[in-house]
Amino acid sequence: MNQYKHDKGKPRLDLVPPAVIEAIGHIRTYGLGKYKDPDNWKKVEPERYRAALIRHLCQYLRDPQAVDKESGFPHLWHMACNIAFLCELERNETP
């Protein structure tokens, strides 16, 4: 069977490590319980995500195994989620 698929030049999303997808999923699920609105993150200024990213980064650098006191999840997971939000919010601003 000779089938063609026109996917040349498209990003290989299957190459994204599942751990980062799962980490963001955990943080998003936690956030949904806290804020009750799955789209609440879209109403927050990017500067606030940058500030949160830096806070979690500092905690992560101090202790890579540490978890966020409020959520109980690793700081690295919170960083991944903040980066995901920033990527989405700023995607139209990149060349």
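Biologist: Leaving aside neighbours within four places in sequence, which residues is Tyr49 in contact with?

Modeller: In this predicted model, Tyr49 is in contact with Trp41, Val44, Asn82, Phe85, Leu86 and Leu89, once its neighbours within four places in sequence are left aside, where contact means heavy atoms within 4.5 Å. Local features need pLDDT of at least 70 and side-chain atom pairs count only at pLDDT 80 or more, while totals for chains, interfaces and linings use all residues. Residues are numbered from 1 along each chain as its sequence is written, and side-chain values use heavy atoms, with hydrogens and water left out.

Biologist: What makes up the largest nonpolar core?

Modeller: A nonpolar core is a set of buried Ala, Val, Leu, Ile, Met, Phe, Trp, Tyr and Cys residues joined through side-chain atoms within 4.5 Å, and buried means under 20% relative accessible area, with exposed over 50% and partly exposed in between, for a 1.4 Å probe and protein chains only. The largest such core has 9 residues, namely Ile27, Trp41, Val44, Tyr49, Leu53, Met79, Cys81, Phe85 and Leu86. Helix 2 and helix 3 are the elements that give two or more residues to this core, and helix 3 provides the largest share, 4 residues.

Biologist: How do you know that the span of helix 3 agrees with its 15 residues?

Modeller: Helices are DSSP runs of H or I with at least four residues, numbered from the N terminus, and the expected span is 1.5 Å times one less than the number of residues. For helix 3, residues 75-89, that gives 21 Å, and because its end C-alpha atoms are 21 Å apart, the two agree.

Biologist: Why is helix 1 called roughly perpendicular to helix 3?

Modeller: The axes, which are lines fitted to C-alpha atoms over the stretch in contact, with angles from 0 to 180 degrees between N-to-C directions, come within 8 Å and cross at roughly 90°. Angles under 35 degrees count as roughly parallel, over 145 as roughly antiparallel, 65 to 115 as roughly perpendicular and the rest as oblique, so helix 1 is roughly perpendicular to helix 3.

Biologist: Why does Lys36 count as exposed?

Modeller: Lys36 has a relative accessible area of 64%, and the cut-off for exposed is over 50%, so Lys36 is exposed. Lys36 lies in the loop between helix 1 and helix 2, and has a positive phi of about 65° although it is not a glycine.
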